[in-house]
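Visitor: Could you pick one part of this and take me through it up close? I'd like to know how it sits with its surroundings, too.

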Amino acid sequence: MAVGDAGASRNRLAVAGARATTKAMLRQQPRGDVIRNTLFAGLLLMAVAIALAGLFALLIQAFAKGSSALSLDLITNPPSTAFPEKAGYRPAIVGSLMLIAGVILFVIPVGIGAALYLEEYADKSRWWNKLIEVNIQNLAAVPSIIYGILGLAFIVRGPLDLGFILAAGSLTLALLVLPMVIIAAREAVRAVPDSIRQGSLALGATQWQTIRAQVLPASIPGIATGVILAVSRALGETAPLLLVGATVFVTFDPTPFGSDGYSAMPVQIFNYALRPQEEFQALAAAGIILMLVVLLAMNSFAIWLRNRYEQRW
Amino acid sequence: MSSGTAIAPEPAGGPPRRLQASSKRRGEKAIQWLLAFCGVLSVLTTTAIVASLIIPTIDFFNVVPIDEFLFGTDWSPQFEPPSFGVLAVVAGTLNVTFWGMLFAIPIGLGSAVYLSEYASPRVRKTLKPVLEILAGIPTVAIGFFAVSFILPEIIVPLWPNALLGGAAGKPFMALAAALGIGLMVVPIIASISEDAMSAVPRGLREGAYALGATKAKVAMRVVFPAALSGIVASVVLAISRAAGETMIVVLAAGSTPQFTLNPVEPIQAMTSYIATTATGDISTGSLDYRSVFAVGTVLFVMTLVMNVISIRLVRKYREVYD
Amino acid sequence: MTSSKWLAVLAFAAALALGVAACGSDDSSGSGGGGEDLSGSIRIDGSSTVAPLTEAVAEQFMAENSDVRVTVGTSGTGGGFEKFCAGETDISDASRAIEPEEIDACKKDGVGYQEVHVATDALTVMINNENPVACLTVDQLAAVWGADSKIDNWSEIPGLEENFDEDLALFGPGTDSGTFDYFTESINGEEGVTRKDYNNVGEDDNATVKGVEGSPGGMGYAGFSFYTENEGNLKALEVDNGKGCVPPAVETAQDGSYAPLSRPLFMYPSEQALQKPEVKAFISYYLENVNSVAESLGFVPLTDEQLEASEAAAAKIGA
């Protein structure tokens, strides 16, 4: 696609803009203009206000409903049907931690590997590389429950037949967020200027040495940000886990390969939310507060990371 | 990007020299294959998804005629006698998505225009991350908010009783889920549209200002059309996310499949049907079980089509500024 | 920071997560002592109606026997039996008796079992406080809830004595629910047969309560506990099964006069599972404690004779 085309489009837009503006100017009454502009600005502000109001209402409601259940018990106690005052989230917390540990272990090597392949080695004109790219973009848009179906049919039963164990849930979540990591890693790798690579090759390094010593270190902050964002997505996912067996009533800490069942934070919250009694509703809200705090911390860390280590070439 | 086989120009009287190291480190090829495998994994995943959906779906169509499935409007697979018209749950998805987008598009675009054209840099720096927080909230939390707050405290008191059957006495309805979903996708629309608008060259704006245009004119007549591709892409992405959302619909929209777009009726969407049925009281291999995969196939195809459209749109308009 | 440092940070985070998990599991197995030296795992799955009962008993059991792990799943009565007959679970919770196909499946895989009655549930039909109707016959209920029912208003109910001109607002559980299965079978004659235009609350029976409370013409059905917990806010219909109007209550459910909506709840332990000492102990513990837990959860506890019969049944396969 030639540079001339971009220039032509830009000109076209500029001319259209100028024409519209001039037309409007010629037609306009100055007084109506002021009112119209204030109204417009007001509408925009209202849009922002509604969005913010929604966010704050959610946070406030969660706090209001859940504050009665907030205590250290929440983290240390197992769930309880008979004694909701003593109930907590402990197995779910441990389950979630193990799940995302598994996700990280899978997603870092495979995600970085795929990104490096696509950016450094792949000949973009080949059809198989195009196929991989298209697949990654499609997979990023597939609804999370479809990944649950994949997990149920392929990982829990089917070829891998792992059973309803935590590792299966972890693998399902990892596949869900892998496209995100690949896309973020590709951006990070792509941002490294070509001159760095050429310099390294000129000095006699092999391609892999160049990647390992120059490209990869420079792109780690971007990759880390992408991984953290993907992990926080995995932490909050409920639907796929429902299909791959995250049981609710688990009072002991789960193990990765144990077949006694496991649980996760969002699933536990979901099940408390379904129960009518006020105590369980409060527990659900308290769990939500817990998750929001953790996620906020993670996302802030990711943003700080991006700002602090963003390299300007 | 480097391909590793660059060739140096031929020096006077000698064979062409490659920029690749003359002594190949052991394992270069092996590493390349390993990395290639990581890439191929994505293709394998897609294949696995398609396979896991298609096989039970074909089994399903051995029992249920495909025209009853695709064109029927009564979805009651577990009633006696069962009926398998998928349009009811498709309508449920469309119902929630439509009303959700009706909320999210003005709010999202309004916020984007405000952030891009009206807000001072300091305001933008604080406001944008705050909106991003909305994007990071787990959907189960939004669903809980929708059913325990939006429905009883906002919809039921404010909705006129005479309109479309009224909202009173309904523990679940599409609108509650729709508003929750709308809230969830506002950051997607706002963020991507704002990025697109920021990418519009300043020169275009300044030219319009120089001609005496007001901020509103510049925003709507110059910047908005220029960033249209990114805006449209963000909307299509948001629609895709909204249609694929599960937990909010499960918690707030109910489980009554109805072929309606009425927002104050309880409905069942494709995603909520899959979620509640696959975890519930059905046995593997039964017709109900297979219906889950059939619905999953419809959902997968729908989001795939939307994704293809969105990629086309983005590619078509991205050329403008490259 | 160099790349190796970054990778170290991420690896450390992962290790930390696993470490917490490992420490966690140490704690749970080390705490409390007391109790016998029982250890092992017990897998229970099945009805979501019986599950709260089983969960509560299991919690108390695990508090006294900290090395035993009990998991309670809620795949539904049918899903539970499927897993049970495939040998994947030790005990199946059920809100209805085992069906012929399921009996065959168990026989095929050589799974021996015993039906143990653990509590009774009185399915309650609830109406709004403003509703003057006191009692409906089974036929009237079938007229309202039948598959082809066109009744939209209380005044259209055949043979209704009271004058109540309000639109019907129906609430009920979804097709996954044992409550749904039982109601449709007892009232409409066949499981799954019902009119389709009611407010389907899925598994959230509390929404039935809320819905009926909020609609003057509301009618909904759910388990007894949902009525008892909300007693001031709605009324329970008396049901006439041909022998007069009977209200849902502990006594009427126990003596069977509240018919056809009082249903027995069961637990099915497998013969194979009872080889494990922890399962044996659990079953006896269950029967010793079920009545106290049942009442607090809103179920109808067993009478003394019923309890004896259950203990005898359990003893039949070695409990």
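Guide: Let's start with chain A, which the domain assignment (automatic or taken from a database) splits into domain 1, residues 3-69, and domain 2, residues 73-309. Keep in mind that this is a predicted model, where local features need pLDDT of at least 70, side-chain atom pairs count only at pLDDT 80 or more, and totals for chains, interfaces and linings use all residues. Residues are numbered from 1 along each chain as its sequence is written, while chains are lettered from A and ligands numbered from 1 in the order in which they are written.

Taken over C-alpha atoms, the centres of domain 1 and domain 2 of chain A are 35 Å apart. Where they touch, domain 1 of chain A puts in six residues and domain 2 of chain A eight; a contact here means C-beta atoms, placed from the backbone, within 7 Å. On the domain 1 side of chain A, you'll find three nonpolar residues, two polar and one charged. For that sorting, Ala, Val, Leu, Ile, Met, Phe, Trp, Tyr, Cys and Pro are nonpolar, Asp, Glu, Lys and Arg are charged, and the others, Gly among them, are polar.

Now step across to the neighbour. Between chains A and B, the contact draws on 90 residues of chain A and 86 of chain B. Helix α1 of chain B (residues 28-63) gives the largest share of the chain B side, 18 residues. Helices here are DSSP runs of H or I with at least four residues, strands are runs of E with at least two, and both are numbered from the N terminus. By type, the chain B side divides into 54 nonpolar, 25 polar and seven charged residues.

How far can you trust chain B? Its pLDDT averages 85, with 88% of the residues scoring at least 70; pLDDT is the predictor's confidence in each residue, from 0 to 100. Residues 1-6 of chain B fall below 50, though that stretch has twelve contacts in the model beyond near neighbours in sequence. Where pLDDT is low, the predicted coordinates should not be read in detail.

One last stop, chain C: it has eleven helices and 13 strands. Of its 319 residues, 48% are buried, that is, with 20 or more other C-beta atoms within 10 Å of their own, where 12 or fewer would be exposed and anything in between partly exposed, again with C-beta atoms placed from the backbone.

Definitions and conventions. Two residues are in contact if their C-beta atoms, placed from the backbone, lie within 7 Å.
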